[in-house]
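Subject: Structure for your review

Dear colleague,

Please find below the structure that I am handing over to you. My findings follow it, and I would be grateful if you would read them alongside the model.

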Amino acid sequence: MNATDDARGVNYRCMQISDHAAVMRLWRECEGISLRDADSASGIEKYLGRNSGLSFIAEQEAHIVGSIMAGHDGKRGYIQHLAVAVQARNRGVAGRLVALCVDALGAQGIVKSHVHVLANNATGRAFWSSLGWVQRSEIVMYSFINGDNENA
Ligand SMILES: CC(C)(COP(=O)(O)OP(=O)(O)OC[C@H]1O[C@@H](n2cnc3c(N)ncnc32)[C@H](O)[C@@H]1OP(=O)(O)O)[C@@H](O)C(=O)NCCC(=O)NCCS
């Protein structure tokens with residue numbers, strides 16, 4: 001995707017590994033984002049390499065104000081780390097980031113995607129519902145760590 005601007009002068013473009021330090025700062029200041037060792041620069045570099053063209057950032061006046069990451073397994077898309085800086089919220093930035101991801105996944109043949117939301121993240125839950133994403137009540141998630149790193 002080429003960079004694209006919205007009416008408010010927010011620029012949207014694909015995330016690069018060189019954005020890592022800035023997006024980490026954004027993720028750290030946003031409630032509702034869980035960060036693990038897999039979010040290190042090497043972890044994100046691997047992720048972006050495996051899922052080229054599916055993660056995006058929003059920037060305004062050279063500052064990153066939004067991010068979203070997506071990947072897929074050939075069948076389903078998975079969205080992670082949607083975050084918008086407090087000062088840029090409620091202007092449609094997150095909605096635009098999600099649309100970019102959904103379109104990019106669609107271009108790769110992926111028409112159904114999932115997102116994990118912390119149960120106590122009322123804002124995040126309201127956001128996804130407002131976009132028409134359906135909360136699943138018939139599924140619970142199980143996780144397993146292969147090794148002894150509890151922060152893997
Ligand atoms: C959730 C978040 C990404 C929304 O970003 P945003 O850019 O403000 O969202 P948008 O402006 O695109 O909002 C789109 C719609 O979501 C809904 N929405 C957004 N924030 C909301 C809130 N705090 N409460 C209720 N609904 C909300 C609204 O319906 C809104 O549409 P409207 O403006 O036409 O009413 C942002 O609040 C954030 O970064 N939160 C912290 C991190 C987080 O929780 N990420 C999600 C993890 S899954």
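What radius of gyration would a compact globule of 152 residues have, and what is the value for this chain? The rule gives a value near 15 Å for a compact globule with 152 residues, and the chain has 15 Å, so the two agree. Please note that this is a predicted model.

Overall form

Along the principal axes, the C-alpha atoms fill a box of roughly 45 × 35 × 30 Å. The chain contains 4 helices and 6 strands, and their order from the N terminus is β-β-α-α-β-β-β-α-β-α. Of the contacts between residues at least 6 apart in sequence, 60% join residues at least 24 apart.

Surface and charge

Buried residues make up 38% of the 152 in the chain.

A residue of strand β2

Strand β2 spans residues 11-14 and includes Asn 11. Is Asn 11 buried or exposed? Its relative accessible area is 15%, and because buried means under 20%, Asn 11 counts as buried. Leaving aside residues up to four places away in sequence, Asn 11 touches Ala 3, Thr 4 and Asp 5, together with Ile 57, Ala 58 and Glu 59.

Aromatic residues

The structure holds 2 aromatic pairs. One of them is formed by Phe 127 and Trp 128, in an edge-to-face arrangement with 5.2 Å centre to centre and 80° between the planes. Phe 127 and Trp 128 are both buried. Together with Trp 133, Phe 127 and Trp 128 form one aromatic cluster.

Backbone angles

Most residues other than glycine have a negative phi. Glu 61, although not a glycine, has a positive phi of about 50°. Glu 61 is found in the loop between β3 (56-60) and β4. His 81 is likewise not a glycine and has a positive phi of about 50°, but His 81 is placed in strand β5.

The loop between β4 and β5

Where does Gly 74 lie? Gly 74 belongs to the loop that runs between β4 (63-72) and β5 (77-84). The relative accessible area of Gly 74 is 53%, so this residue is exposed. Gly 74 and Val 98 are 24 residues apart along the chain, and a distance of 19 Å separates their C-alpha atoms.

Yours sincerely

Notes:
Residues numbered from 1 in each chain as written. Predicted model: local features only at pLDDT ≥ 70, side-chain atom pairs only at ≥ 80, totals over all residues. Heavy atoms only, no water. Helix = DSSP H or I, 4+ residues; strand = E, 2+ residues; numbered from the N terminus. Rg over C-alpha atoms; globule rule 2.2 N^0.38 Å. Buried < 20%, exposed > 50% of the residue type's maximum accessible area, 1.4 Å probe, protein only. Contact = heavy atoms within 4.5 Å. Phe/Tyr/Trp six-rings, centres within 6.5 Å; stacked < 30°, edge-to-face > 60°.
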